[in-house]
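Please read them with the coordinates open.

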Amino acid sequence: MILAHFWLAFAGFGAALPLGAWQMYIRSPLHGWISDPEWYYRSVTAHGTTMAYVFPTLVAMGFGYFVAEAALQRPLIGLRWAWLGFALVVIGTVTAIIPVALGLASVLYTFYPPMIGNPFYYIGVVLVVVGSWIWVALMGINMQRWKRDNPGTPVPFPMFATVAGAYLWGWTAVGAALELLFQIIPAALGLSRTIDAGLARVFFSWTLHAIVYFWLMPTYIAYYTILPRAIGGRLYSDAMGRLSFILFLVVAMPIGVHHLFADPEVGSGFKFLHSVFTALVALPTLLTVFTICASVEIAGRLRGGKGVLGWLAALPWRNPVMLGAALSFVMLGFGGAGGLINMSYQLDSTIHNTQWVTGHFHLIFGGAIVIMYFVIAYDLWPHLTGRSLDSLGLMRAQLWTWFVGMIVLTFPWHYVGILGMPRRMAFYDYSDPVIAAQAASVTMSVIGAAILVVSGALFFLVLARGHAAPRTAPPAYRFSVAVRPPRALPAALNGFGLWLGLMIALTLVNYGFPIAHLLATPGTAVPTVNVGALR
Amino acid sequence: MTEPPPPPSHDEGAERIEGIERRWAMVGIGVLLVLVVVAAFAGIHQAAMPQSRVEIVDPLRLHLSGEFIDSNLGSAVEPDGSVTVRAIGQEYSFTPSCILVPRDTPITFRATSADVVHGFLIDGTDINLMLVPGYISSLRARFETLGERYMPCHEFCGTGHEGMWGRIKVVDKAVFAQMAAGAKRVSCVK
Amino acid sequence: MNREWAAILRSKWFPASVGITAALAIAGLLVGFVVLPLADRNEQFHSVWDAICSAAGLIQNAAREPVVQANYPTTRVELTPRMLRGASAESIGRGATLALRCTMCHGARGLSEANTPNLAGQYAVVIYKQLMDFKTGARVSAVMAPLVGDLSDQDMRDLAAYYAYLPRVPASRPAGEPPQIVASGAPLRSIAPCGACHGELASKPGAAWLEGQPFDYLRTQLQDFASGARRNDIGEQMRNVARGMTVAEIDAASRFYAGLRGPTGSQADASSKQH
């Protein structure tokens with residue numbers, strides 16, 4: 001079942017990746033103006049929907065089920081429900097992608113009401129989310145049952161972190177779900193002719209920011225629980241890790257209004273309040289960077305590295321997990337620096353909604369996060385298939401090409417974003433002197449996209465060769481062990497009651513008034529505009 | 001992937017770890033505090049703050065009455081010498097399609113959308129707004145360099161989104177005053 | 001479960017975490033709702049309470065400042081995205097009767113012999129809006145003005161329903177590849193592909209179906225939009241486009257939609273690139 005999740009996730013990824021490269025090519029100076037721009041926006045919708053919703057959700061679900069079994073060392077409770085969740089994701093994906101392919105829902109994955117597409121697109125997305133909510137519930141139940149059966153024992157860290165990610169997603173998805181269920185789907189079905197576009201944007205911002213942390217969760221869990229073990233080291237601190245995930249859970253969500261800095265429907269006071277908590281969300285990442293670097297240093301020293309930097313040289317750089325994590329860290333560093341710029345109202349206004357933003361989230365998500373999805377796949381595959389993955393050289397080539405491709409793709413994007421290039425346009429007039437200055441950068445990005453497609457193909461080659469390898473019996477799967485494994489933990493660090501309470505309370509403070517006020521005020525709804533309507 | 005030798009795990013080491021962790025966390029919190037304070041400070045001293053009021057307007061009736069009727073769009077000189085620019089975004093153009101403003105003058109933009117969500121960005125400046133139908137976006141700005149800039153719509157607004165580029169022209173104060181003397185609303189639409 | 005909560009509530013974690021979060025939120029609220037708004041020199045608030053309400057995003061109606069009114073009649077039509085959909089058979093029938101007065105110029109079945117627009121298969125919204133604009137004088141026509149004077153609102157809806165119901169010009173598909181100005185527009189002059197509004201790629205309410213219209217009519221309308229002689233388009237949406245087009249592009253687009261082949265089209269392509 002875990003393998004099914006991963007394969008479906010990567011199948012979606014494999015389908016959406018060339019779409020992204022095609023989009024890059026089509027709007028570059030290498031290609032003339034596309035005769036029907038609608039195809040471009042159709043492709044963007046398909047690429048975004050698959051990459052942002054389907055792919056990471058399935059990876060998180062598959063990895064979560066794996067952690068639940070491997071970390072708790074018992075079979076998953078609710079296997080049938082898990083299959084039901086999987087089925088919902090499959091049905092939802094198919095339901096959503098058909099209208100997109102037919103050009104009936106080219107509204108981009110961010111929906112953008114009052115534009116309204118075919119109802120099946122939205123219903124499909126909702127089904128994907130509902131399927132993932134089953135996973136959220138199963139993660140919680142499995143942890144609770146384990147705690148009941150092992151009173152007083154700390155919940156294993158990988159499970160704790162996974163449940164934090166699950167709860168984060170469960171609550172995060174509520175924003176978009178409310179938008180879809182109560183605003184967009186009634187409008188798409190024709191039950192309602194108007195929609196409050198501002199309120200919809202507020203709901204979507206609830207999901208929009210924390211969804212990035214949901215994508216990030218498997219990556220961070222891999223940093224903490226796979227990397228130190230794979231390179232022969234130890235996790236520096238178990239408690240610090242728990243604290244990081246708790247911080248994510250509490251403050252990742254009620255900060256989404258910083259995506260609406262330039263919007264007219266939210267008051268400036270709430271914009272400032274959200275920017276304060278947005279600053280806070282960098283804290284768990286800083287803690288993680290510290291803990292992981294320290295853990296890696298331990299490994300380096302255990303392997304005989306000496307001196308201030310000697311431990312770096314002693315690291316097993318030929319190990320794909322080490323390599324992938326290091327490349328991921330580099331991209332996270334660049335992306336994080338860009339993120340600090342997006343965070344401040346003053347700096348953000350130069351680059352808001354330009355290609356900079358596209359560059360930023362591709363670097364963080366497509367780069368730092370997805371490269372760790374590859375690492376996770378490489379690490380888990382032998383345990384999932386019972387066949388070893390031996391193509392270490394190919395894996396390294398794949399990780400390197402992904403890294404190089406992502407840098408070549410996104411750095412020029414950041415640059416043209418500063419120049420003011422708007423995102424999501426089917427073509428640009430490069431014959432104009434102002435735009436011509438951006439042409440070389442755009443061409444660079446096309447090369448980056450091409451490298452990424454090659455890297456994606458290599459990834460599938462590695463997995464395919466793994467499936468063709470002879471059967472082996474891999475040893476029992478192990479996660480990293482902390483330097484000082486905790487014997488007992490305070491109740492607050494061994495469960496989520498307190499933190500869920502804080503998360504919900506903070507959401508009410510930060511979102512309660514803006515949402516309630518827009519809901520209660522008449523005259524904010526505007527007529528819906530149907531896309532894909534026939535002539 | 002061999003089992004590592006057990007690392008030193010006596011309490012002294014543990015205390016040291018906790019000390020280092022705590023210091024690192026403090027540094028992190030310090031950096032973030034500085035960032036927030038800088039943002040608040042900049043907000044006060046450079047007037048670089050989001051719009052201070054939330055105002056609504058009916059997008060279907062923009063052309064019938066109120067400040068966004070066609071003849072009221074463009075740049076207006078206020079009694080205090082500042083300039084108010086009113087504009088609308090629609091599928092797939094801005095009106096006025098060429099905005100004219102004087103240099104070194106406080107400018108207030110007031111803009112909204114007649115249909116779907118549009119973006120309002122002036123290349124090479126930090127003027128950046130979302131136009132959400134039903135709401136009025138506003139922003140204060142000041143232009144220091146003369147010349148013409150592009151003003152692309154930066155939010156996907158439909159099949160013709162790639163063809164939605166406005167322009168803005170910054171002219172000398174005297175030139176602007178001359179043009180504004182004859183007409184009540186000014187633009188560089190020919 | 002309850003024992004776990006009891007342990008949490010007793011521990012230092014509970015007051016610490018709740019305290020820090022609350023302190024941050026209160027500090028953020030104070031700065032964001034009181035300090036910053038009051039420090040904003042551009043905005044004069046009557047009171048602290050007024051500042052707080054504004055910062056909270058309390059919705060206000062735009063202040064009524066004097067506006068500059070147009071010195072010519074402007075369109076009074078409010079276009080909603082789904083107006084005039086699903087006309088009844090009675091409405092179409094009444095429209096057919098009313099249309100008898102239009103046949104001289106617009107043809108018996110909405111297909112014109114003269115250089116007047118073909119109305120057969122035109123969007124109902126378009127017919128309705130133009131009739132309204134002729135009546136209010138927002139669109140000026142010496143021929144149409146006297147003909148629409150006695151039409152009621154329902155008459156116009158019926159006429160719109162009737163013409164929308166008629167089949168379009170047969171084989172109205174224009175010949176050949178569209179010129180660049182039609183297929184792609186000219187982005188930096190804010191000209192979107194024509195079809196993005198006019199129905200081939202997507203539809204915008206109020207934008208007419210252009211294929212098969214007479215060349216002279218199309219070219220005149222584009223010229224009039226460009227010069228400002230015609231100004232009944234809401235928000236100047238069509239004037240913005242036409243003003244940016246070159247003479248050759250106006251010619252090429254009109255030829256294309258009129259279904260005419262010819263060298264003019266390719267010449268227009270070449271000149272549009274040099275703009």
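Predicted model: local features only at pLDDT ≥ 70, side-chain atom pairs only at ≥ 80, totals over all residues.

1. **Main core.** The largest nonpolar core holds 248 residues. Which residues have the most contacts inside it? From chain A they are Phe55(A), Tyr121(A), Tyr122(A), Trp135(A) and Met159(A). From chain B they are Phe109(B) and Phe120(B). Helix α2 of chain A, residues 37-72, supplies the largest share of this core, with 21 residues.

2. **Second core.** A separate core has 26 residues. Among its members are Tyr128(C), Val148(C), Tyr163(C) and Leu166(C).

3. **Trp135(A).** This residue is worth a look on screen. What does Trp135(A) touch, leaving aside residues up to four places away in sequence? The partners are Ala60(A), Met61(A), Gly64(A), Tyr65(A), Ala166(A), Trp169(A) and Phe214(A). Trp135(A) is also on the list of residues with the most contacts inside the largest core.

4. **Helices α4(A) and α5(A).** Helix α4 of chain A spans residues 119-149, and helix α5 of chain A spans residues 157-188. Their axes lie 8 Å apart, and the packing angle is about 155°. Angles over 145 degrees count as roughly antiparallel. The pair α4(A) and α5(A) is therefore roughly antiparallel. The crossing is left-handed. How do the residues of this contact divide? There are 24 nonpolar, five polar and no charged residues.

5. **Helices α15(A) and α16(A).** Now take helix α15, residues 392-419, and helix α16, residues 433-468, both of chain A. Their axes come within 7 Å and cross at roughly 155°. That angle makes α15(A) roughly antiparallel to α16(A). The crossing of α15(A) and α16(A) is left-handed. The contact residues here divide into 21 nonpolar, nine polar and one charged.

6. **Chain B, secondary structure.** Chain B has two helices and 11 strands.

7. **Chain B, burial and contacts.** Chain B has 190 residues, and 61% of them count as buried. Consider contacts in chain B between residues at least 6 apart in sequence. Of these, 63% join residues at least 24 apart. Two chain B residues, Phe109(B) and Phe120(B), are listed among those with the most contacts inside the largest core.

Conventions:
Residues numbered from 1 in each chain as written. Chains lettered and ligands numbered in written order. Heavy atoms only, no water. Core = buried A, V, L, I, M, F, W, Y, C linked by side-chain atoms within 4.5 Å. Buried < 20%, exposed > 50% of the residue type's maximum accessible area, 1.4 Å probe, protein only. Helix = DSSP H or I, 4+ residues; strand = E, 2+ residues; numbered from the N terminus. Contact = heavy atoms within 4.5 Å. Axes fitted to C-alpha atoms, helices over the stretch in contact; angles between N-to-C directions. Parallel < 35°, antiparallel > 145°, perpendicular 65-115°, else oblique. Left-handed = near helix turned anticlockwise from the far one by under 90°. Nonpolar A, V, L, I, M, F, W, Y, C, P; charged D, E, K, R; others polar.
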